[in-house]
Amino acid sequence: YAIIRIMMENNVQLFYRSSRKKKGTIGIDDQPEELEDNLEQKLQQYISAQDYRQATRYLYLITLTLLNEKGLIRWHPEATNQDYQRQLSGSAWDRPFRALTGFYEKVWYGEFPLGQTQFERLHFYFQDFFKTVPA
């Protein structure tokens, strides 16, 4: 049990295919040039174009990047959103992150259409979450 628990906490995966993506995988590695400097720029670009689905994706990518930089999660190209939720389990960010993940998945995978008002509210939730992450 201890070995399995350690493997889960450290996101060690013994059996996986690198060529297939799991359902719920965010896919940061799909666009590696966007990891560092221009996530925020891309977010603003999609907001300006009123492509709120893509903007929501970038909000979630920014969230994962922030949590990874602060050492709250360990990003891995094969990890799923649920893997990140497990990494935050029991922390102060667990419940808010679960809510944001649910919103993201409804918009991105469920293709839930967002209007400007709905996106602004969602954007506020993400920004509020960002303020809770330690500097």
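Author: Let us begin with burial, where a residue counts as buried if its relative accessible area is under 20%, as exposed if that area is over 50%, and as partly exposed in between. The model is a predicted one, and in it helix H3 is mostly covered, with 15 of its 18 residues buried.

Reader: What span should the 18 residues of helix H3 have, and how far apart are its end C-alpha atoms?

Author: At 1.5 Å a residue, helix H3 (residues 52–69) should span 26 Å, and its end C-alpha atoms lie 25 Å apart, which agrees with that expectation. The helix is followed by Gly71, whose phi is positive, near 75 degrees.

Reader: How many salt bridges are there, and which side chains meet in them?

Author: Side chains of opposite charge can pair when their charged atoms come close. Here the count comes to 2 salt bridges: Arg86 meets Asp83 at 2.2 Å, N to O, and Arg98 meets Asp94 at 2.8 Å, N to O.

Reader: Are Asp83 and Asp94 buried or exposed?

Author: Asp83 counts as buried because its relative accessibility is 9%, and Asp94 counts as buried at 13%.

Reader: What volume does the largest pocket have, and which helix gives the most to its lining?

Author: Rolling a probe the size of a water molecule over the atoms shows where empty space is left. The largest pocket has a volume of about 200 Å³, and its lining includes Phe103, Lys106, Arg121 and Tyr125. The elements that give two or more residues to this lining are helix H5 (94–108) and H6, with H6 giving the most, 4 residues.

Reader: Which residues form the nonpolar patch on the surface?

Author: Phe103, Phe124 and Tyr125 form it, with about 290 Å² of accessible area together. Tyr125 lies in helix H6 (residues 116–132) and counts as partly exposed because its relative accessibility is 37%. Phe103 and Tyr125 also line the largest pocket.

Key. Residues numbered from 1 in each chain as written. Predicted model: local features only at pLDDT ≥ 70, side-chain atom pairs only at ≥ 80, totals over all residues. Heavy atoms only, no water. Patch = residues over 30% accessible without salt bridge, like charges linked within 9 Å, V, L, I, M, F, W, Y side chains within 5 Å. Areas by Shrake-Rupley, 256 points an atom, 1.4 Å probe, with all protein chains shown as cover. Salt bridge = Lys/Arg side-chain N within 4 Å of Asp/Glu carboxyl O. Buried < 20%, exposed > 50% of the residue type's maximum accessible area, 1.4 Å probe, protein only. Expected span 1.5 Å × (residues − 1). 1 Å grid on protein atoms, 1.4 Å probe; cavity = no way out; pocket = protein on both sides within 12 Å on 5 of 7 lines; lining within 4 Å. Points joined across faces, edges and corners; volume = space filled by probe spheres on them.
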